[in-house]
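Dear colleague,

Please find below the structure that I am handing over to you.

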Amino acid sequence: MIPVIAQSDADIRRCLPAMLALRQHLTPEQAFEQIRFQQANEGFVLAFVPTEDPLEPAPAVVGYRTLTLLYSGKTIYIDDLSTLPSGRGKGYASALVDFVVEQARQSGCQCVSLDSGQNPARYDAHRLYLNKGFNITSHHFKLDL
């Protein structure tokens with residue numbers, strides 16, 4: 001299972017069901033437009049686990065970008081990592097994390113980071129991150145405007 005970077009509109013649309021499993025507040029069209037905007041303006045990369053049937057939705061996706069931060073240097077930040085409910089427990093998210101970590105190494109990054117919601121629905125994801133060597137290093141604070 002080798003992840004692929006989504007580049008075409010068709011690729012992005014294949015990713016939407018898995019992305020919307022995590023980002024339920026968005027419609028498919030809102031998510032599509034936001035992804036295209038972030039790709040064009042913010043260096044956002046969307047990668048997915050392909051299926052044999054190119055018309056079938058991707059079972060899992062990851063969205064990330066490269067940032068340079070004072071506290072961590074060159075960093076890949078994972079914005080989104082999501083698997084369709086039918087694809088959970090099959091190693092897709094693990095393969096996507098490994099893919100992003102390898103991209104970070106090849107790009108000369110000092111770290112890979114992400115935020116993850118704190119509730120029981122996220123505990124499987126937390127186990128994955130900890131098993132991959134991630135550490136819990138901070139609390140994330142947010143002020144909605």
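This is a predicted model: local features need pLDDT of at least 70, side-chain atom pairs count only at pLDDT 80 or more; totals for chains, interfaces and linings use all residues.

The buried residues of H3 are Tyr92, Ala93, Ala95, Leu96, Val97, Phe99, Val100, Val101 and Ala104. These buried residues pack against strand E1 (4–5), strand E2 (45–48), E3, E4, E5 and H4. Just after the helix, Gly108 adopts a positive phi of about 75°.

The interior

In soluble globular proteins, nonpolar side chains tend to be buried together. Here the largest nonpolar core holds 23 residues, of which Val62, Ile78, Leu81, Val100 and Val112 touch the most other members. Two or more residues of this core come from each of strand E3 (60–69), strand E4 (73–83), helix H3 (92–106), strand E5 (111–114) and helix H4 (123–131). H3 supplies the largest share, with eight residues.

Leaving aside neighbours within four places in sequence, Ile78 is in contact with Val62, Gly63, Tyr64, Val100, Val112, Ser113, Leu114 and Asp115.

Charged pairs

Side chains of opposite charge can pair when their charged atoms come close. The structure contains seven salt bridges, and three of them are described here.

In one of these, the side chains of Asp79 and Arg65 meet at 2.8 Å, N to O. Asp79 belongs to strand E4 and Arg65 to strand E3, so this pair ties together parts that lie 14 residues apart in sequence. Is Asp79 buried or exposed? With a relative accessible area of 18%, Asp79 is buried, because the cut-off for that class is under 20%.

Another salt bridge joins Asp98 and Lys132, whose closest N and O atoms are 2.7 Å apart. This pair links distant parts of the chain, since Asp98 is in helix H3 and Lys132 in the segment after H4, 34 residues apart. Asp98 is partly exposed, with a relative accessible area of 40%, and Lys132 is also partly exposed, at 29%.

A further salt bridge is formed by the side chains of Asp144 and Lys142, at 3.2 Å, N to O. Both Asp144 and Lys142 are exposed.

The chain as a whole

The secondary structure amounts to four helices and five strands, and from the N terminus on the order of the elements is β-α-α-β-β-β-α-β-α. The radius of gyration is 15 Å, close to the 15 Å that the globule rule gives for 145 residues, so the protein is as compact as a globular protein of that length. Along its principal axes, the C-alpha trace spans about 40 × 35 × 35 Å.

Of the 145 residues, 41% count as buried. The protein exposes about 9000 Å², and carbon and sulfur atoms supply 53% of that area. Among contacts between residues at least 6 apart in sequence, 57% join residues at least 24 apart.

With kind regards

How values were computed:
Residues are numbered from 1 along each chain as its sequence is written. Side-chain values use heavy atoms; hydrogens and water are left out. A nonpolar core is a set of buried Ala, Val, Leu, Ile, Met, Phe, Trp, Tyr and Cys residues joined through side-chain atoms within 4.5 Å. Buried means under 20% relative accessible area, exposed over 50%, partly exposed in between (1.4 Å probe, protein chains only). Contact means heavy atoms within 4.5 Å. A salt bridge is a side-chain nitrogen of Lys or Arg within 4 Å of a carboxyl oxygen of Asp or Glu. The radius of gyration is taken over C-alpha atoms; the globule rule is 2.2 Å times the number of residues to the power 0.38. Accessible areas come from the Shrake-Rupley method with a 1.4 Å probe; for residues, only the protein chains shown count as cover.
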